[in-house]
Amino acid sequence: MLLEAHELKKHYDTRNGVVKAVDGVSFALEPGKTFALVGESGCGKSTLAKLMLLLEKPTSGAVRYRGQEVSGLGGRALRQFRREVQAVFQDPYASLNPRLRVGKIVAEPMLAQGDLSRAEIAKRVEEALEVVGLHATAAKLFPHEFSGGQRQRIAVARALAVRPEVVILDEPTSALDVSIRAQILNLLSDIQEEFGLSYLIIAHDLALVEHFSHATGVMYLGNMVEQGPTGAVFGAPSHPYTQALLASAPRPDPDHRLPTDVIIGEIGSALKVPAGCPFHPRCPKRFAPCDSDPPERHVTAPGAWARCHLLTAQTASATPVTRTSRTPGAAGADPLERTAQ
Ligand code: SF4
């Protein structure tokens with residue numbers, strides 16, 4: 001495996017208690033493949049991306065790159081990791097320094113690495129701009145002289161110029177017009193094919209994930225609740241949360257109506273993660289043990305698993321409780337309130 005999270009946790013001590021932003025997550029990114037992290041805002045996927053980029057220190061667990069633990073790297077080894085694992089962020093307006101010309105922006109990571117001559121850097125800037133479909137003269141301009149899609153191309157060029165192995169894409173198209181999104185995705189796809197890059201992508205857009213990723217992990221309140229090949233997760237989702245997410249995703253079909261009964265309330269707070277299954281206050285299928293016992297992983301297809309008591313033989317025959325017996329004070333809104341996410 002190229003990049004792995006092993007039982008990663010990130011807890012923040014606050015005045016009000018411990019925020020469990022990431023709470024024991026594992027996954028692995030294979031060379032040349034794309035792994036997608038999906039889930040509602042607040043599920044911990046962006047914190048997980050920061051942990052994988054070594055921008056945050058884990059509370060426990062490990063980040064492994066090429067089989068080596070990298071969480072505690074420093075000096076030259078850390079610089080090497082930063083060269084090989086790059087990032088493209090959501091907002092191309094905020095991620096590019098407006099005072100720098102594009103050539104300098106793309107050159108910055110190489111200047112920070114300090115192992116290339118000026119001439120080599122200039123050549124790589126030109127090549128990277130060309131790969132993302134921009135003319136070399138773009139290097140002389142400022143970010144404000146470009147459209148949103150072009151700015152994201154510049155951000156991609158900056159990541160590519162150091163010749164990385166992995167690019168972490170944090171909502172790479174969500175700040176762009178719909179018409180531009182496909183262009184950027186096609187560009188990222190072409191680049192992956194040409195250079196054999198691996199992507200870890202964080203996205204809300206499930207259609208994008210289904211089209212773009214080889215494997216998918218579904219996060220809820222800092223936990224990974226389902227994971228596997230994208231075909232398996234999208235084709236036969238096993239966890240009620242994954243089922244609800246997919247059922248409520250908009251489709252380009254005028255006759256399709258969003259379901260109104262798949263999920264209740266809003267995502268809870270990572271400050272008060274419910275006992276048992278973290279999804280139980282919102283789960284329309286919960287059983288008697290769901291509010292007390294954390295579900296174990298259950299294999300659902302080759303290479304795929306989900307954490308849900310419904311999937312175990314032990315609870316398969318349990319009697320579902322009615323909504324009115326919901327745990328008092330559990331996170332989430334009124335159970336009678338229905339929302340399509
Ligand atoms: Fe729902 Fe229980 Fe499965 Fe959690 S473990 S998703 S509450 S059925």
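A: What follows begins with the ligand and its shell, then turns to the chain around them and to a few individual residues.

A word on the ground rules first: this is a predicted model, in which local features need pLDDT of at least 70 and side-chain atom pairs count only at pLDDT 80 or more, while totals for chains, interfaces and linings use all residues. Residues are numbered from 1 along each chain as its sequence is written, and side-chain values use heavy atoms, with hydrogens and water left out.

Let's start with the ligand. Around it stand His239, Pro240, Cys277, Phe279, His280, Cys283, Lys285, Arg286, Cys290, Cys308, His309 and Leu310; a residue joins such a shell if one of its heavy atoms lies within 4 Å. Sorted by class, seven of the shell residues are nonpolar, three are polar and two are charged. In that scheme Ala, Val, Leu, Ile, Met, Phe, Trp, Tyr, Cys and Pro are nonpolar, Asp, Glu, Lys and Arg are charged, and the others, Gly among them, are polar. The ligand sits in the largest cavity. A cavity here is a set of points, on a 1 Å grid over the protein atoms alone, where a 1.4 Å probe fits but cannot get out, and "sits in" asks that more than half of the molecule's atoms lie within 2 Å of those points.

Asp291 counts as partly exposed because its relative accessibility is 33%; buried means under 20%, exposed means over 50%, and partly exposed is in between, with a 1.4 Å probe and protein chains only. The C-alpha atoms of Asp291 and Gly276 are 4.6 Å apart in space, although 15 residues separate the two in sequence.

Now for the wider setting. The chain has 341 residues, and 50% of them count as buried. Its elements come to 10 helices and 12 strands. Of the contacts between residues at least 6 apart in sequence, 65% join residues at least 24 apart, where contact means heavy atoms within 4.5 Å.

Val102, Gly103, Ile105, Val106, Ala107, Pro109, Met110 and Gln113 are its buried residues. Their cover includes helix 2 (75-84), helix 4 (118-131) and helix 5 (148-161). Just past the end of helix 3, Gly114 has a positive phi of about 70°. Helix 2 has Leu78, Phe81, Arg83 and Glu84 as its buried residues, and these pack against strand 1, helix 1 (45-52), strand 4, strand 6, helix 3 and strand 7 (166-170).

In strand 6 (residues 85-88) you will find Gln86, which is buried because its relative accessible area is 13%. Setting aside residues up to four places away in sequence, Gln86 touches Leu53, Arg158, Ala159, Val162, Pro164, Val166, Val167 and Ile168. Leu141, in the loop between helix 4 and helix 5, is partly exposed, with a relative accessible area of 31%. Beyond its neighbours within four places in sequence, Leu141 is in contact with Arg101, Val102 and Phe146.

Two backbone details deserve a glance as well. Most residues other than glycine have a negative phi. Glu7, in strand 1 (residues 3-14), has a positive phi of about 45° although it is not a glycine, and its relative accessibility of 36% makes it partly exposed. Arg66, in the loop between strand 4 (60-65) and strand 5 (68-69), has a positive phi near 50° and is partly exposed, with a relative accessible area of 47%.

Finally, Thr14 is also in strand 1. Apart from residues up to four places away in sequence, Thr14 touches Val19 and Leu271; Thr14 and Leu271 are 257 residues apart in sequence and 9.0 Å apart from C-alpha to C-alpha.

Technical notes
On a 1 Å grid over the protein atoms alone, a cavity is a set of points where a 1.4 Å probe fits but cannot get out, and a pocket is an open set with protein on both sides within 12 Å along at least five of seven lines; lining residues have an atom within 4 Å of a point. Helices (H or I, at least four residues) and strands (E, at least two) are DSSP runs, numbered from the N terminus.
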